[in-house]
Amino acid sequence: MSAESRKRDLRFLFGPIVDALGYKFSPDAELVDFCLEQEVKLEEKHGIPFCPCQAITKDRKRNMKIVCPCIPFHRKHYDAMKRCWCGLYVHKDVTDPDTLKQIPASKVL
Amino acid sequence: MKKVRLYTLSTCPWCRKAKQYFTKNKIPFENIDYDLATEEEQEAIMDQMDEYGGTGEFPFAIIGKDSVCGFDPDEYARLLGKHK
């Protein structure tokens, strides 16, 4: 399966999940394409499409909390930013993702 | 100038922006890609991030005695005493 094909699959799989959580893919098409491409690479390497912006460690329980889409495990944090950590997803009401900043969890929780 | 150490992931778009920020502003920085490091190096990075209250989110910058989790050019500039 080509990377482009898998990117389309991930978009198809993740779309309805994040929609039910009140999120959507970021309007920043370039960012979305880049993040999905990295997730395809991470899936090829680890067997799982992890978040491209969080550390994969030896701790499996911790790693499971960064499997994309990881919104349910970081709900309060991401809701406060109106985006997920890597920016692949934003709240449904967001039209300009450039206005959203990464805020560390320690400052939100 | 304060010493800058930047921990990043090769897969992270915000880490690329952070590297570009320091490069563009000609601020010397030491950079390690966590995901390309050895297991021992990864453990050392996570230990250091833990000390600063990091939770495994990248990019993670250590500027002098302070740290910045996430891509935050305003905070980088503030800690370095620079205007944007």
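**View 1. Chain B as a whole.** For its 84 residues, a compact globule would have a radius of gyration near 12 Å, and chain B agrees with 12 Å (taken over C-alpha atoms; the globule rule is 2.2 Å times the number of residues to the power 0.38). Along the principal axes, its C-alpha atoms fill a box of roughly 35 × 25 × 20 Å. This is a predicted model, in which local features need pLDDT of at least 70 and side-chain atom pairs count only at pLDDT 80 or more, while totals for chains, interfaces and linings use all residues. Residues are numbered from 1 along each chain as its sequence is written, and chains are lettered from A and ligands numbered from 1 in the order in which they are written.

View 2. Chain B has 3 helices and 4 strands (DSSP runs, H or I of at least four residues and E of at least two, numbered from the N terminus). Here β1(B), residues 4-8, pairs in the parallel sense with β2(B), residues 30-33, over 4 bridges (pairing needs at least two DSSP bridges). Look for B:Thr8, whose bridge partner in β2(B) is B:Asp33. Between these strands the chain passes through helix α1(B), residues 13-24, in a right-handed crossover (clockwise from the first strand over the helix to the second, with the strands pointing away from the viewer).

**View 3. The end of α1(A).** Just after α1(A) comes A:Gly22, with a positive phi of about 90°. Within α1(A), a kink of about 30° lies at A:Phe14, shortly before the proline A:Pro16 (the angle between axes fitted to the seven residues ending there and the seven starting there).
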